[in-house]
Amino acid sequence: PVPSSSAGSWTPNPGLVMLAWISVSAILLLVSSIRITQFHRLFKATSHQRPDLTSRYCDIARRLRLRRCPDVVVTTANVAPFVWWQAGRAIVVISQHALQQLNDADLRFVITHEMAHIKRRDHWFRWLEWMAVISFWWNPVMWWARTQLRISEEIACDDLVLETTDSKVHPYANSLLNMAELLTSSAIRPPSVASAINGGGNLEQRLKMMIAKETWKVPAVVRWCIVSVAFSVLPLGLVDAQDF
């Protein structure tokens, strides 16, 4: 005799599960791609290069040992400073409003912070993170890891700014607060693939770690190894789930 299945048991259809997975991933890809395209069009329509600012802050790029000095682009949109791509190169974008409201010291700290993102190649990880979230949207650990990665990047960039500028914590913390005050108005939020100065959120935590003189350094090699291991383990998890 063939044993009957228990009354409350239910076996998911692998085909339906795969269809739902692909469908949601496709929707996320479409929506995020549209947002990135719209933002890029807005950025091109409202921005212009500032060679004078680029040359003014080239000494920061030399201190960070960047291969080339990133262009500084000014936009009339009310947006937080961020790193973006232009003609295949990473650039630093800052709003005209911030340029008018912040003093020279605050501007230098803000631009140094964005160049620190370029030094750490965080703008590359944004695209890798974007693809990972779209592919594995169903995994809550992926969303948690994404948030923690952003926080660790911002803290590491804060530490790199203090090392590069040989500045004390409190002037830099005041610059971050002044920048955050400008963003209290209705600012345009950059897409997830942009490395914005407020991308890690939780400014209070960052300030506490700086004042406590705690460091958070994650070398790029270590991050690449973690990502490689994660992508290697994920297929095994899918096989186990399919067997289950």
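Axes are lines fitted to C-alpha atoms, for helices over the stretch in contact, with angles between N-to-C directions running from 0 to 180 degrees. The model is predicted, so local features need pLDDT of at least 70 and side-chain atom pairs count only at pLDDT 80 or more, while totals for chains, interfaces and linings use all residues. Residues are numbered from 1 along each chain as its sequence is written, and side-chain values use heavy atoms, without hydrogens and water.

**View 1. Crossing of helices α5 and α8.** The axes of α5 (residues 104–119) and α8 (residues 169–182) come within 9 Å and cross at roughly 90 degrees. That makes the two helices roughly perpendicular (65 to 115 degrees). Helices are DSSP runs of H or I, at least four residues, and strands are runs of E, at least two, numbered from the N terminus. A105, D106, F109, V110 and H113 of α5 meet P171, Y172, S175, N178 and M179 of α8 (contact: heavy atoms within 4.5 Å).

**View 2. Pairing of strand β3.** β3 (residues 82–86) pairs with β4 (residues 89–95) in the antiparallel sense over five bridges, and with β5 (residues 195–196), also antiparallel, over two bridges; pairing requires at least two DSSP bridges. W84 has I91 of β4 as bridge partner, and F82 has A196 of β5. Two residues lie between the strands in the hairpin of β3 and β4, where A87 takes a positive phi near 55 degrees.

**View 3. Surroundings of M115.** M115 touches Y57, I60, A61, L64, L66, C69, P70 and V92, leaving aside residues up to four places away in sequence.

How values were computed: Parallel < 35°, antiparallel > 145°, perpendicular 65-115°, else oblique.
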